[in-house]
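Here is a briefing on one protein model. Look through the sequence and the structure, then read the points below.

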Amino acid sequence: MGNSNKPSTFKFNPIYIYGAILIIVLAIQFYGTGGRPVETNWQEVKNTMLKNGDIEKIVIVNKTEAEIYLKESSYDKYKAKLESGISAPSKMGPHFTFNIGSVDVFESNLEKAQKEVGESSRVILTYETHTNYFSEIFSWIFPLLILVFFYFWIFKRMSKGGGAGNIFSVGKSQAKVFDKESRVSTTFKEVAGLAEAKQEIQEIVEFLKNPDRYTKLGGKIPKGALLVGPPGTGKTLLAKAVAGEAEVPFFSMSGSDFVEMFVGVGASRVRDLFKQAKEKSPCIVFIDEIDAIGRARGRNPNMGSNDERENTLNQLLTEMDGFDTNSGVIILAATNRADILDRALMRAGRFDRQIHVELPDMIDRKEIFEVHLRPLKLGKDVNVEFLAKQTPGFSGADIANVCNEAALIAARKLKEVVEKQDFLDAVDRIIGGLEKKNKIISVSEKATIAYHEAGHATVSWLLEHAHPLVKVTIVPRGKALGAAWYLPEERQITTKEQLLDEICATLGGRAAEELIFSSVSSGAQNDLEKVTRTSFAMVSYFGMSDKIGKVSYYDSTGQSDYSFTKPYSEKTAEVIDAEVNVIINKEYERAKNILKTNAEGHKKLAELLLEREVIFTEDLEHVFGPRPWNKTKEEEKAKEVIAASAEDKDTVV
Ligand code: ADP
Ligand code: ZN
């Protein structure tokens, strides 16, 4: 990185000065300037020094040590002994030292010895308390010093970045780089569907190819675009395709890559990423899952906001502001939650465009299938349109997965080509996890599940606004014991009647259990959860309750200051709870009534389910007759689609 390639010999560093001072201080502490008294013991003191009257005084230090000062006249007697140590004690003393057990014992010993020797050479006994400030302070400071030193050391290594593969290179951006050597080969041809998104992003390709055409006219190029859409819809693919089409380097990084356990790493990585990108401009920087760092900065001061994430975000904002619009670096970021992003990111001059990437509709799905079927060897019975119809609600990634899974299933069966049935199996598997045919379910359990599912089917069939049912099964898959698939109508707004009918149909399972077995099971937990959610939303979000009124407590920004307190009073909360209960109880009674009046049909369906495990729209029509209010268009659609999105799964708790 640096420009000095000299072999580094000795580099001066202020840390050495501190080190030297420390060592000197330590040395002074241990050896002192005047030397240290020589170690001795009580026997010697008593039998020689005291007996001969050589002692001038004894000082008891800190109640533990006795320091002996010799009479000046006696000093020479002990000279040899005193000078044998590393540093002889000064002439002033103390000359000898020894540990006394306790002051009391020492005093009485001394008293006795003194009496034996005679009063003529009485020793002066004094007491002193020495505080060793140095060692006191030192025992505090030293560990602290070590910590601070270590912290700075790591921090420095981190922000500088060591060699590759070094754990201290965390400060480097971990972006995957596709440049001239490993150019992105993805083109728009591989991105199926997404016509609108492609059109919007085309402009960015144009700019990267001919920047002059835009800048000549004084136009400013967008710095960044935000790709918003559910996971697996091809956001990464789209960004890669831009790089591939424009033939520029592509930096790819995930928002979560910026976040490490060390403080300051995120910001350092952002800096590094932009530095690299500017060197390779024009180029594209792609940040996946930008919500990992771009979430709205905390406004709740006592919630301990995530400083590290905020620092990273601030650095990102700074970098985006910092570079020249025409430097040729374009930032594409992907998220599935644009609503929680910090508003500062959306300001002009940053991610000023949002490109929506939605789940594919049927025509798009067909195109996506075409892309992913290309490498497969297909049987004659595979029809792309049919496959597209089988996979409502699937994302592009799911479809890619279906194609791969189908090929694996066919290979397992030692087939030469991938056939229609393999695709159907793959779809089933992806919808519900692996089929668990061998999961042991007792006969009575199976009956409960059958009546429960038949209850859903019956009620939803007989309600005008409930989603038309497509398929009901009691084959356990994954955690689900049974499931009913509905064809979700493509509607943008939902009326109160529709919501109520849906609640009623969802409660149909539980109602059936109560009617038939006069007991209820835990299997309806999922249903109840859904019902509670819907009715709560009706009351407190959609303003559909008379008691609460036309009020919505929904916070669509997700940035409320009071995320942990309700925006309504306790009293209102009670009313909401009561209203939710009223709705659910009313709909439950309605479901029970429907089942009672159609008990025969319900029973027939349940028996059919027990026998065949799967029933379809036709069977329902057979039992109850066609739905009178079915609009013919919808009816046709319902028949075409065999598996729609799984709307209701009854899971084991
Ligand atoms: P996202 O970034 O939106 O989560 P990706 O771009 O990573 O999704 O998509 C994952 C995979 O799904 C892609 O590699 C591709 O194989 C497939 N895929 C998704 N959308 C499409 C599409 N529109 N056309 C073709 N393949 C797609
Ligand atoms: Zn259910």
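**Briefing: patch, sheet and salt bridges**

Leu 145 is partly exposed, with a relative accessible area of 45% (buried means under 20%, exposed over 50%, partly exposed in between, with a 1.4 Å probe and protein chains only). The model is predicted, so local features need pLDDT of at least 70 and side-chain atom pairs count only at pLDDT 80 or more, while totals for chains, interfaces and linings use all residues. Residues are numbered from 1 along each chain as its sequence is written, chains are lettered from A and ligands numbered from 1 in the order in which they are written, and side-chain values use heavy atoms, with hydrogens and water left out.

**The whole protein**

- The protein has 22 helices and 15 strands (DSSP runs numbered from the N terminus: helices are H or I with at least four residues, strands are E with at least two).
- Of the 653 residues in the protein, 42% are buried.
- The protein exposes about 36300 Å², and carbon and sulfur atoms supply 55% of that area (Shrake-Rupley method with a 1.4 Å probe; for residues, only the protein chains shown count as cover).
- Take the contacts with a separation of 6 or more: residues 24 or more positions apart account for 75% of them (contact means heavy atoms within 4.5 Å).

**The nonpolar patch**

- Leu 145 sits in helix 5.
- Leu 145 also belongs to a nonpolar surface patch, together with Leu 22, Tyr 133, Ile 137, Trp 140, Ile 141, Phe 142 and Ile 146.
- Together these patch residues have about 850 Å² of accessible area.
- Patches are made of residues with over 30% relative accessible area and no salt bridge; like charges are joined within 9 Å, and nonpolar side chains (Val, Leu, Ile, Met, Phe, Trp, Tyr) within 5 Å.
- Helix 5 (residues 133–160) gives the most to the patch, with 7 residues.

**An open sheet**

- Strands of a sheet pair through backbone hydrogen bonds, either parallel or antiparallel.
- One open sheet has 5 strands in the order 1-4-3-2-5, with mixed pairing (two strands pair if DSSP finds at least two bridges between them).
- Strand 1 (38–39) and strand 5 (124–128) stand at the edges with a single partner strand each, so one side of each has no neighbour in the sheet.
- Strand 1 runs parallel to strand 4 (residues 96–99), and 2 bridges join them.
- Glu 39 stands opposite Thr 97 in strand 4.
- Helix 4 (residues 103–117) lies across strand 2 (55–61), strand 3 (65–70), strand 4 and strand 5.
- Helix 4 runs at about 170° to strand 5 (axes are lines fitted to C-alpha atoms, for helices over the stretch in contact, and angles run from 0 to 180 degrees between N-to-C directions).

**Salt bridges**

- The whole structure holds 17 salt bridges (a side-chain nitrogen of Lys or Arg within 4 Å of a carboxyl oxygen of Asp or Glu).
- Glu 203 and Arg 353 form a salt bridge, at 3.5 Å from N to O.
- Glu 203 lies in helix 6 (residues 195–209) and Arg 353 in strand 11 (residues 351–356), so the pair ties together parts 150 residues apart in sequence.
- Glu 587 and Arg 590 meet in a salt bridge at 2.8 Å, N to O.
- Glu 587 and Arg 590 are 3 residues apart in helix 19 (residues 570–597), so about one helical turn separates them.
- Glu 587 is buried at 4% relative accessible area, whereas Arg 590 is partly exposed at 31%.
- Salt bridges that share partners join Lys 413, Lys 415, Glu 419, Asp 422 and Asp 425 into one network.
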